[in-house]
Amino acid sequence: MGIDRIGKGGAPPTTPDASGATGATGAEKKGAVDKPFEVAPRDPVAKAGGPEATETSANLAKLRAGEIDVKGYIDLEVDAATRGLEGLPPADLAEIKKVLRDQMATDPGLSDLLRQATGQKPPVPED
């Protein structure tokens, strides 16, 4: 008892006809893409030049000009990061700011980014 087409190389390939559709599969050729591929910016705030990017650039410029030290830079950045939390009780806001400052100084990734941006090691957090 034999099974058809076993060992015979399979079905012959289909070729597209003049309209662009393939004969056996019925797949149709689609038109051009409506929207071309675009790469999103790495940092949308910085690319857009939003207020956060301007403030960060101004803080970094102050640091590089010697107007503030690294600790002052960290304080300004933490203040900017927590600006939307102004409705919290002062004790809670102070605790959040302390945690953020400690993270910037002790987290290896954050402290490395801070060192790259400022050229200086972050200060050791005070207990």
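Me: A salt bridge is a side-chain nitrogen of Lys or Arg within 4 Å of a carboxyl oxygen of Asp or Glu. How many salt bridges does the structure hold?

Reply: This is a predicted model: local features need pLDDT of at least 70, side-chain atom pairs count only at pLDDT 80 or more, and totals for chains, interfaces and linings use all residues. Numbering starts from 1 along each chain as its sequence is written, and side-chain values use heavy atoms, with hydrogens and water left out. Side chains of opposite charge can pair when their charged atoms come close. The number of salt bridges in the structure is four.

Me: Which pattern does the protein chain follow along the sequence?

Reply: Helices (H or I, at least four residues) and strands (E, at least two) are DSSP runs, numbered from the N terminus. The protein chain has five helices and zero strands. Its pattern, read along the sequence, is therefore α-α-α-α-α.

Me: What percentage of the residues of the protein chain count as buried?

Reply: Buried means under 20% relative accessible area, exposed over 50%, and partly exposed in between (1.4 Å probe, protein chains only). The protein chain has 127 residues. The buried share of them is 17%.

Me: How much of the accessible surface of the protein chain belongs to carbon and sulfur atoms?

Reply: Areas come from the Shrake-Rupley method with a 1.4 Å probe, and for residues only the protein chains shown count as cover. The total for the protein chain is about 10,000 Å². Carbon and sulfur atoms account for 57%.

Me: Which residue forms a salt bridge with lysine 97?

Reply: Lysine 97 is in helix H4. Apart from neighbours within four places in sequence, its contacts (heavy atoms within 4.5 Å) are Val78, Asp79 and Thr82. The closest N and O atoms of the bridge are 2.9 Å apart, and the partner is aspartate 79.

Me: How many residues apart are lysine 97 and aspartate 79?

Reply: The salt bridge joins lysine 97 to aspartate 79. The pair links distant parts of the chain, with lysine 97 in helix H4 and aspartate 79 in helix H3. Their separation is 18 residues.

Me: What separates lysine 98 and aspartate 102 in helix H4?

Reply: Their side chains meet in a salt bridge of 3.0 Å, N to O. Lysine 98 is partly exposed at 36%, and aspartate 102 is partly exposed at 21%. The two are four residues apart in helix H4, so the separation is about one helical turn.

Me: With which residue does aspartate 112 form a salt bridge?

Reply: Aspartate 112 has a relative accessible area of 30%. The closest N and O atoms are 2.6 Å apart, and the partner is arginine 115.

Me: Which side chain of opposite charge is nearest to glutamate 77?

Reply: Lys and Arg count as positive, Asp and Glu as negative; His and the chain ends are not counted. Glutamate 77 lies in helix H3 (residues 70-81). This residue is buried yet has no salt bridge. At 8.9 Å, the nearest opposite charge is arginine 83.

Me: With the side chain of which residue does asparagine 59 make a polar contact?

Reply: A polar contact is a pair of N or O atoms within 3.5 Å; within protein, one must be able to donate a hydrogen and the other to accept it, and residues adjacent in sequence count only if both atoms are side-chain atoms. Asparagine 59 sits in helix H2 (residues 51-65) and is buried at 4% relative accessible area. Beyond four places in sequence, its contacts are Ile68, Tyr73, Leu76 and Glu77. The polar contact, at 2.9 Å, is with glutamate 77.

Me: What area does the nonpolar surface patch made by Leu85, Leu88, Ile96 and Leu100 have?

Reply: Patch residues have over 30% relative accessible area and no salt bridge; like charges are joined within 9 Å, nonpolar side chains (Val, Leu, Ile, Met, Phe, Trp, Tyr) within 5 Å. One of the four, isoleucine 96, lies in helix H4 (residues 90-106). Isoleucine 96 is partly exposed at 31% relative accessibility. The patch has an area of about 250 Å².
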